[in-house]
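Morning, everyone. Please have the sequence and the model open side by side. I'll keep this brief.

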Amino acid sequence: MGIKLYYTTVTASRTVKSQQAEVIRVLESKSIQYELIDISVGGELRDEMRSKAGDPTAVPPQLFNEDQYCGQNYEMFSEAVEADTVEQFLKLA
């Protein structure tokens, strides 16, 4: 599967929860298939996400097309939604 969404089921951050929910809502509304990867099940998945993102402090949600990073932060995804360029953001177009 192409699109991978790194997220967490364990967070006290309302911001992270709402951002994750919004990313999932947008992907589903556009019928974009994706794989959920829950970093809370093990530190190695969090480390993998951060390594792929090239940021040792990266927090979910993080999007990849296979192993290609799709953006530095949620704001970039949000801007792509506003501009109706989500497919380009996700490197699908």
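One term before we start. Two strands pair if DSSP finds at least two bridges between them. Keep in mind, too, that this is a predicted model.

Now to the strands. β3 and strand β4, residues 68–69, pair in the antiparallel sense over two bridges. Together β3 and β4 make a hairpin, with two residues between them. Look at E66 in that turn. Its phi is positive, about 55°.

β3 has another partner. Strand β1, residues 3–7, pairs with β3, again in the antiparallel sense, over four bridges. Here L5 has L63 as its bridge partner in β3.

Which way do the side chains of β3 point? Q62 and F64 go one way from the strand, and L63 and N65 go the other way. Are these residues buried or exposed? All of them are buried.

Next, a helix. Helix α1 spans residues 14–29, and Q19 lies in it. Q19 has a relative accessible area of 14%. Buried means under 20%, so Q19 counts as buried. What does Q19 touch, leaving aside its neighbours within four places in sequence? The contacts are P61, Y74 and E75.

On to charges. Side chains of opposite charge can pair when their charged atoms come close. How many salt bridges does a search of the whole structure find? Five. I'll take three of these.

Start with K30 and D84. Their side chains meet in a salt bridge at 3.2 Å, N to O. K30 sits in the loop between α1 and β2, and D84 in the loop between α3 and α4, so this pair ties together parts that are 54 residues apart in sequence. K30 is partly exposed, at 29% relative accessibility. D84 is exposed, at 52%.

D67 is exposed, with a relative accessible area of 53%.

E48, K52 and D67 are linked in a network of salt bridges. That's my tour. Thanks.

Key
Residues numbered from 1 in each chain as written. Predicted model: local features only at pLDDT ≥ 70, side-chain atom pairs only at ≥ 80, totals over all residues. Heavy atoms only, no water. Buried < 20%, exposed > 50% of the residue type's maximum accessible area, 1.4 Å probe, protein only. Contact = heavy atoms within 4.5 Å. Salt bridge = Lys/Arg side-chain N within 4 Å of Asp/Glu carboxyl O.
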